[in-house]
Each structure stands twice: as structure tokens, then as C-alpha cells.
Amino acid sequence: MKEKVVYWLTGSQTLYGDDVLAHVAQHSQEMANYVNGRVPVTVKYLTTCKSSDEVVAAVKQVNADENCIGIITWCHTFSPAKMWIKGLKMLQKPMCHFATQYNEKLPYDTIDMDFMNENQAAHGDREFGYIVSRLRMDNKVIVGYYKDEESLAELAAWCKVAAGYAFSKTVKVCRFSDNMRDVAVTEGDKIDAHINLGWQVDYYPVGDLVQYIEKVTEKEIDALMAEYAEKYTMATDRIEAVREQAKYEIAMDQFCKDHGGYIGIVDHFGALHGLNQLPGLAIQDLQGKGYGFGAEGDWKIAALGAVMQYMAGQKGTGLMEDYTYDLKDGLCLGAHMLEVSPQFAATKPEIQVHPLGIGGKSDPARLVFEGISAPEAVAVSMIDMGDRMRLIVQKIELVKYPHKMPNLPVGGLMWKYQPNFKDGVAAWIYAGGAHHTVVSSELNVQDMVDLGNMWGVEVVVIDEHTKLNELKQQLLWSDQIWKTKL
Ligand code: MN
């Protein structure tokens, strides 16, 4: 992510004279350098804009730079905002308005008109904010001293999300199956997703993958088996079944690389012609390496998973499915028939081979483990409302399994809902949240809201502040707003 660049643009004007402008440039450079060392991307001071032409030139540079994923703006002095109109209208990348200051405290004893003229961010940031608001730009505002830890944490998070937004535009999903017959929520408008989220979603017959599977050599399988042996505990003597999964993994990975770099994969237990097992271990290990995966043809979750994995640094993130409740203790057990990412493992995953009642294939090898706990995680769903995508973000707490489940041979997670079990579940259902989600212990609600805002999609948050009646009103209003927005 450090290869990605965020340019720092300072707003000013020529009114104050060369001395002041020299200070403005020097301070901006110093501040950008300080921030650069504390966020996951590279922050570079670009320029101080003093005229419309300078803003336009800076924005052209920002737009053209492939590595640039966004800009930070700040007004050291007053910067008359008519000069920002042309440039901001051209801006194609996310913008964060950092309402900060070079000095933290006011120098009460020495402050004079010269100091006040040179350091008037409170004045300048409002003029700038007006024109951004007038232009209906959905930017981010972060307030605070630039060396303050909280401001820096917010800035770091925003940079991470902006990088995720840029990554989203490169996401390609390879579908080895259509959506599961009769299932509604995994459907969606792929062209809409391509236009608004940047996801290219393509279909290949599973037979094309079978050709790749047939070409995998014993030597290649040996190498991957050695990798498995390092990461996982081999808890089966049915090695051939495990080697079969290794073969699928090598074939899928190679297929994705040979066809233009797919980073998301979709399959379906009902469309496995030419495969002996449902890919389990294969998909789990690929998710562990950064692939997004959607089961039963769920391409939205595959793409969302790839983006969230990128933002999360390939930790604690992957496909999840709300499966079954403990109504007594207010918990949900999430899992899938096989394909739960080892990034969720609290215990060293065991490779086991068991029958699978669904799909009618041979017993598949899979990773079995207990899930991690995390005080704050998110469960995220992307649904197609027919006229737009809705991103639903639920704050959850991942908890340790309260009891062993010796007869359940899959990886899983258990969690608690916000604001409480009843309202958390009801809110998810009212919002239309799917059974497939991407869960992440490394991302929070604000990250996902910021990403949703960059995408320009409807975002519904369910957290400790959620009140059911208000949520229902919000959904009602939101529906009207999104209809007129199109
Ligand atoms: Mn499923």
C-alpha cells in the first residue's frame, strides 16, 4: 500500500505576499512529511494553490498519476473558493479535507495580526467547505491537530480506504458457475457493479477449469502439500483426497493468473462437472492468500471479499454465512459447508476429510478450526435493491466458542450482535442483509461507511446506536432519496 500516493494540496491566495506564502509552503511540506510516516500510503506535498489555473493544473496531475489514490486538502490561510470550482469539478479521486493547523495552541502572549493572517485555517476551511458542499461532493472531513494520534489514526484509516477504493476498480471475479438456482439475494446487476464499483465479473464454464486441473503435475502438488504441512496439521490419512484439493487450488490460481488477473472466485456445489470433490481446502487456502470467494455463485461477496482483504492486509477477513443461533445466550454461529478462510482460525487448522451431504461428490478435504475472538468486527453484506446497491454494515463482537463442537467438521466464527441480539438480528432482516457476508476483524464500521461513500452507494449501519423504529424510517426515506438520485 505504501506504493500508493496521496497528494497534499494546500489552499491559499496571493493577497498575503511572498513571505507568508513561503511559510505556507514550508509548513505544508513539514506537515505532509510528518503524516507520511504515520499512514499506510505515501503522502506527498504537491503544491499550494493560489489561483484557479493552479488548482486545475494540480488536479490534472492528480488524475493522471496512476499511483495516486486521493488528495488531502487544507487551507493554511483563507483561499477564495471560486478558484477551486473548476479543479474540483474535474477531480476523479477521493478527497479528504483535513481541518488542521500548523500550530496546536494559540500563542496567547504574542499573537498579533500578522500571526492571525498567516494562520487562519478556521477561516479558510469554511470557505473551502462551502464550495465542496455546494458541488455536492461526498468528501471526508477530519478535524484535529496534525500530530494528534486520534487525527492521525483517522487519516490512516481514510488512506487505507481510499487505497481500497482504487483497488476495487481493478477487481475481476471469475465465475465457474451461475448463481444457485432459485436463490434471490446472490443475484444482482453485474453491469451496475462494474459501472459503480469497478468490478468486472466474467463467467467461464467449469470445463475450462477442468482442462487446467488435468494439466497439474505431481511435482506441483508435492510443493503445495509441503506448504500445507507447514501451515496446517494433517489430521487424516486420506492423503489422495487432500492432493485432489491441492490440484484444484493450483489449477484455479493458474487459471485466474492466465486470464488477466482474477482476484475473486465463484463456484457452486451444483456445478462441478469433471471435479470429484467440492473445492474446500483449495478455496480456504486461496482465501488465506488474498482471493475473495463467493459460494453458490455469489459474485458480489467474492468481489467485496477481495476489496476488504486488500484493506485488511489479508488478515481476519473472508466469506461468512450466518448459520444457526444460540437463542439462549444470544449468539450466532457462522460457518459454511466448507469454505471458511483460515484467516479466521484461533487454533491451528486441521486438514480433515469427511462426507458432505450436499452436492453428491466424493468426501472433500477441508480445514477445521475454532474461530478467533475480537471485541469489534464487522459483518458486511452487499445487496441489489433493483435500482442501486445497498451496503449493510453490522458491528459484531467475535467471541470464543462457549463449548467444543466435536461433531462439526468446519471452520467457523461465533458472534454477538449490536445493539443487542433481538434488535441486531431484526435490523439486519429489515435491511435485507444476506446470509452471505464478508466478516472482518481488522476493519471497522467507519472504514466500510467511508468506502460506501466513495462508491456512492446506499450504506445502512447497524451498531450500538441502532433503534429499530428509526432504522425503518431511515430505510423508507432512503428508498425515496435513492430513486431520485438516479
Ligand atoms: Mn452459502
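My entries on these two topics follow.

I am working with a predicted model, in which local features need pLDDT of at least 70, side-chain atom pairs count only at pLDDT 80 or more, and totals for chains, interfaces and linings use all residues. Residues are numbered from 1 along each chain as its sequence is written, and side-chain values use heavy atoms, with hydrogens and water left out.

Metal site. I looked up the donors (N, O and S atoms within 2.8 Å of the metal, or 3.2 Å for Na, K and Ca; water is not among the atoms, so sites may look incomplete). For the manganese ion the protein donors are Glu296 (OE), Glu321 (OE), His336 (NE2) and His436 (NE2), at 2.1 to 2.2 Å. Glu321 lies in strand β11 (residues 317–326) and His336 in the loop between β12 (331–335) and β13 (350–353), so this pair ties together parts 15 residues apart in sequence; strands are DSSP runs of E with at least two residues, and helices are runs of H or I with at least four, numbered from the N terminus. I noted both Glu321 and His336 as buried (under 20% relative accessible area, with exposed over 50% and partly exposed in between, for a 1.4 Å probe and protein chains only).

Salt bridges. Taking a side-chain nitrogen of Lys or Arg within 4 Å of a carboxyl oxygen of Asp or Glu, I find 21 salt bridges. Glu249 and Lys289 meet at 2.8 Å, N to O, and the pair ties together helix α10 (239–258) and the loop between α11 (281–288) and β10 (292–294), parts that are 40 residues apart in sequence. Lys289 is partly exposed at 35%, whereas Glu249 is buried at 3%. Asp285 also forms a salt bridge with Lys289, at 3.0 Å, and Asp285 is buried at 0%.
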